[in-house]
Amino acid sequence: MHPTRLDCSVFRGGSAATELSSFVALNPLLRPAQMVFAGSAAIKESVGSQVAYRLALDYFVSGVERHYGSAAAAGLALGTEDGVAAVLEEAFRSANSSVYTFGHKLAAGGKMAASLLGVVIEGGRLATARVGFGSVYLFRSGELFPFFEAPEGGESKVGDAQEQPDEYQSRLKAFIGANAMVDVELASVVLQPEDIVCAFSRPLTTLNETLMFEFLDALTIDAQRPRSNADIAERLCYEAFTEPDTLSYAMVACVGPQAAFCSQVVGEQEQ
């Protein structure tokens, strides 16, 4: 049975981080327990990189809308492994092509680049993809699973990519807009009730992961304790990070419990 409820909250960092990054969360099909989230950040404090992250996010959304528009027109089945991955493939292709083309029109090829992270939840399946920085985790039944391998060199902050060690730079072979073709890391999983998905603008340290696990485990271990999801992303960031305001963004999505939705009004109500 597909999940019918999805609670999502997002945390924004301080003013310095918000000037160099942005995010978007939407439900393009207006269906329960479905969501598309994307976050993009400049890789350095330059005008070109700031323009790049804005363009990347705008054209990511354009790619999502185009995909769902064509899928609906063709009557394609949604929620399959290939179908969910295809949403991200189209969105990342759109973002990279647009930033790369715009950069070359301004004779700034290779100088306009951004980090991009995407998450799609559709039909009970999650797919996530990234180019550059970013991390996504799944908390399920008292265990924490990372979707992406953490790069060497520890956590990164927006704008300091050029200050990382050579070994760390070599791990980040491409950013959105840096090349005509981009390598996208992609992963997917079938969701279960009570799963919690967490996405961050940068890789986490071992300490961050430990503190996050402790927070989520305490949140879910007591079945009698009501779970408030409205501000869970903010609460998590203040528990897991010593300097949460340096985060560009963080997203937490909680799956379930099952819910019933009434989408039509039957009869007329007397005034």
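1. Ala, Val, Leu, Ile, Met, Phe, Trp, Tyr, Cys and Pro count as nonpolar; Asp, Glu, Lys and Arg count as charged; the others, Gly among them, are polar. By these classes, the second largest pocket has a lining of 5 nonpolar, 2 polar and 2 charged residues.

2. A word on the basis. This is a predicted model, in which local features need pLDDT of at least 70 and side-chain atom pairs count only at pLDDT 80 or more, while totals for chains, interfaces and linings use all residues. Residues are numbered from 1 along each chain as its sequence is written, and side-chain values use heavy atoms, with hydrogens and water left out.

3. Back to the pocket. E89, F92, R93, N96, S97, A180, M181, V182 and V184 line the second largest pocket. Its volume is about 170 Å³. A pocket here is an open set of points on a 1 Å grid over the protein atoms alone, where a 1.4 Å probe fits, with protein on both sides within 12 Å along at least five of seven lines; lining residues have an atom within 4 Å of a point. The volume is the space filled by probe spheres set on the points, which are joined across faces, edges and corners.

4. Now the sheet. It is open, with 5 strands in the order β2-β3-β4-β5-β8 and antiparallel pairing. The edge strands, β2 (21-26) and β8, each pair on one side only. Strands are DSSP runs (E, at least two residues), numbered from the N terminus. Two of them pair if DSSP finds at least two bridges between them.

5. Look at β5 and its partners. Strand β4 (residues 114-122) pairs with β5 in the antiparallel sense over 7 bridges. I121 stands opposite L126, and V120 is the bridge partner of A127. Strand β8 (residues 185-190) runs antiparallel to β5, joined by 6 bridges. There, A187 is the partner of T128.

6. How many residues of β5 are buried? In strand β5 (residues 125-131), 7 of the 7 are, so the strand is largely enclosed by the rest of the structure. Buried means under 20% relative accessible area (1.4 Å probe, protein chains only). R125, A127, A129 and V131 point one way; L126, T128 and R130 point the other. In a regular strand the side chains alternate between the two faces of the sheet.

7. Last, helix α6 (residues 232-240; a DSSP run of H or I, at least four residues). I232, A233, L236, C237 and A240 are buried. They cover an arc of only 130 degrees around the axis, which puts them on the same side of α6. The arc is that of the directions from the helix axis to the C-beta atoms.

Notes. Buried < 20%, exposed > 50% of the residue type's maximum accessible area, 1.4 Å probe, protein only.
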